[in-house]
Amino acid sequence: MSIIEIKNLTKIYDGAGLEVKAVNGIYLNFEKGEFAAIVGPSGSGKTTFLNLLGGLDSPTSGEVIVDGVDIWKLRSRKLINFRMNHIGFVFQSYNLIPVLTAKENVEFIMHLQGRSKRERDARTKELLQAVGLADRINSRPNKLSGGQQQRVAVARALASKPKFILADEPTANLDSKSTENLLDIMEKLNREENITFIFSTHDARVVKKAHRVITMEDGKIVSDVTQ
Amino acid sequence: MIWSISWRNIWRNKVRSTVVIIAITLGISAGVFSTAFFTGMMNQRIEQVISNELSHIQIHHPDFRSTMELGNYISTGAELTRKIADIPGVKGVSNRIVIQSMISSAETASGVKIVGVDPEDEKGVTDMEENIIEGEYFNGIRSNPVLIGNKLAEKLKVKLRSKVVITLQDLDNNIAGGAFRVVGIYKTPNSTYDETTVFVRRGDIARLAELPDHAGHEIAILVENNELVDTVQHQIIAMDGDLEILNWKELSPEMGYLTEVMDLYMYIFIIIILFALLFGIINTMLMVVLERVKELGMLMAIGMNKQRVFNMIVLETVLLTLVGGVVGTLAGSGLSKYFETHAIDMSLWAEGYSQLGYDPRVFTSMDVNLMITVIIMVLFTGIIAAIYPAYKALKYDPAEALRIE
């Protein structure tokens, strides 16, 4: 059974009397443990698609079913809780909380989930070790490089034990060494812990690592290749 | 963790937060200090009225205060005075003769209130002995000594040992006059009182007015502290319910209102300060929210619900406001504490102060309840100031907020 089922997903922006179909009737399924890249030129609808998938932006029509739950039929508060407990996010510009240390950033979501301190400490330590930042747990984001910040963001996304992680152009602001490093970590987590990653990207190095490449143009899927 | 984030967020822009905190600190400390200043001034006025003019309780014949008739004296004055002196908590009792009369010197004349006292008894009730600035308290002149205020001395152009004549209507409505010599000149903070009140020995004035020795128009009582006033008053009423027995607030209702009115003014003053600060805080927090839209979008995306975002902004505003409020209250309190023992000299305006009965040397008076109230008001200001910025923060949905650069 698919972890995510997308049925006829459509998002129409209506600005100044001009309708723009950012996402146009997409049908797609994702299986547990996939490492999938969504590619396409700017304006092809990649980010909008990820926002719809992650419950951040509401579709004009269609369904996003995660483990049997149509997330867009959930009430606002339940949708927020669903995001918190089942979906991990990695953003292009890291978006860590600047006043918190790496450790605090990772454990923040577990705080929201109401996990015990013992559990938080253990999971934070485990995750920061997994992303190679065990020695920087007390550093604030402004003391970390872009690559390090994005690794903290990956650890944060994993902290809530989500069903899948959505990453919107996670390497766009990174140099090639940091990109390589981050991709290795994500791939390792996918391979060893069967974590599902779905990311949008322009980056050929990311595409090369992906097991499945979905290409979008004008809000539609134009190809879906497993490699 | 929300507390920790809110607290640290305040210090993200140190300069901006410090400026806001300084503004709040200055506003609140000025408010607290002004309150302590005016409370001190008012308390001094009340203390001065009690210790120099009214005492805590006065007893009169029921018709005396309305008619000021010489014949409306307390016939049991001497006996009642002795009984009252035995009540626990009573510090002093003075049986006085009070006559509206005329005093004249070689130069001019003036209408005055003659207060005939037993000098020793009067010492236990008023501070008149300490208010003497020239001469001595009923000492140095054997026959008909009189104590007059410095303002009256200036008006009559008399000095120590000068002769003055007191003219009055005696008990039989005949005009009587007697020569008195100035034994001392006193000065209280109330120049009007000094100009209109003179003290003589009760025996001297009783003889002149042909009043019986035991007669008294006014029995003034001073108790050990203000809290005992009601108890002692009730005990006296139980002794003789036919007399008019009033405490200082009943004798001078304006003094009682003064406390209430001053409290009201102080609250209005502090509310105006807080109202002005409110807009500064709202402006700052709006800037904070607008600068952090993307971050708030991220927080909502990863699972922070709107209630928690709202609480975080409110908490941040309240903490920012409270820092200024607490520092301001402490600074204002510290300053007020210092001036509780070091007088603020308002001598430049001494004439005006004195005419209104206020001492130009003001000692501040701290009211702990008021300090606590101010902090609570600051807390509420913080909460009110937070509502609009927090509401603004909730207007974005996560996807929209994350797109903002």
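Helix α12 of chain B is followed by B:Gly303, whose phi is positive, near 125 degrees; helices here are DSSP runs of H or I with at least four residues, strands are runs of E with at least two, and both are numbered from the N terminus. The model is predicted, so local features need pLDDT of at least 70 and side-chain atom pairs count only at pLDDT 80 or more, while totals for chains, interfaces and linings use all residues. Residues are numbered from 1 along each chain as its sequence is written, chains are lettered from A in the order in which they are written, and side-chain values use heavy atoms, without hydrogens and water.

Helix α12(B) spans residues 293-301 and is mostly covered, with nine of its nine residues buried. Buried means under 20% relative accessible area, exposed over 50%, and partly exposed in between, with a 1.4 Å probe and protein chains only. Among the buried residues are B:Lys294 and B:Glu295, as well as B:Leu296 and B:Met298.

In all, 23 residues of chain B are in contact with 26 residues of chain A, contact being heavy atoms within 4.5 Å. About 2,200 Å² is buried between the two chains, and carbon and sulfur atoms give 66% of that area; buried area is the accessible area (1.4 Å probe) that two parts lose on being put together, summed over both. On the side of chain B, the most area is lost by B:Met1, B:Arg8 and B:Ile302, together 32% of what that side buries. B:Arg8 also meets A:Glu104 in a salt bridge, 2.7 Å from N to O; the term requires a side-chain nitrogen of Lys or Arg within 4 Å of a carboxyl oxygen of Asp or Glu. The count between the chains is one salt bridge. Helices α1, α12, α13 and α16 of chain B each supply at least two residues of the side that touches chain A, and the largest share, six residues, comes from α12(B).

Rings of Phe, Tyr and Trp (its six-membered ring) pair if their centres lie within 6.5 Å; planes under 30 degrees apart count as stacked, over 60 as edge-to-face and the rest as tilted. B:Tyr137 and B:Phe138 are edge-to-face because their planes stand at 75 degrees, with centres 5.1 Å apart. B:Tyr186 and B:Phe199 are also edge-to-face, at 6.0 Å and 75 degrees. B:Tyr186 lies in strand β7 and B:Phe199 in strand β8, so this pair ties together parts 13 residues apart in sequence.
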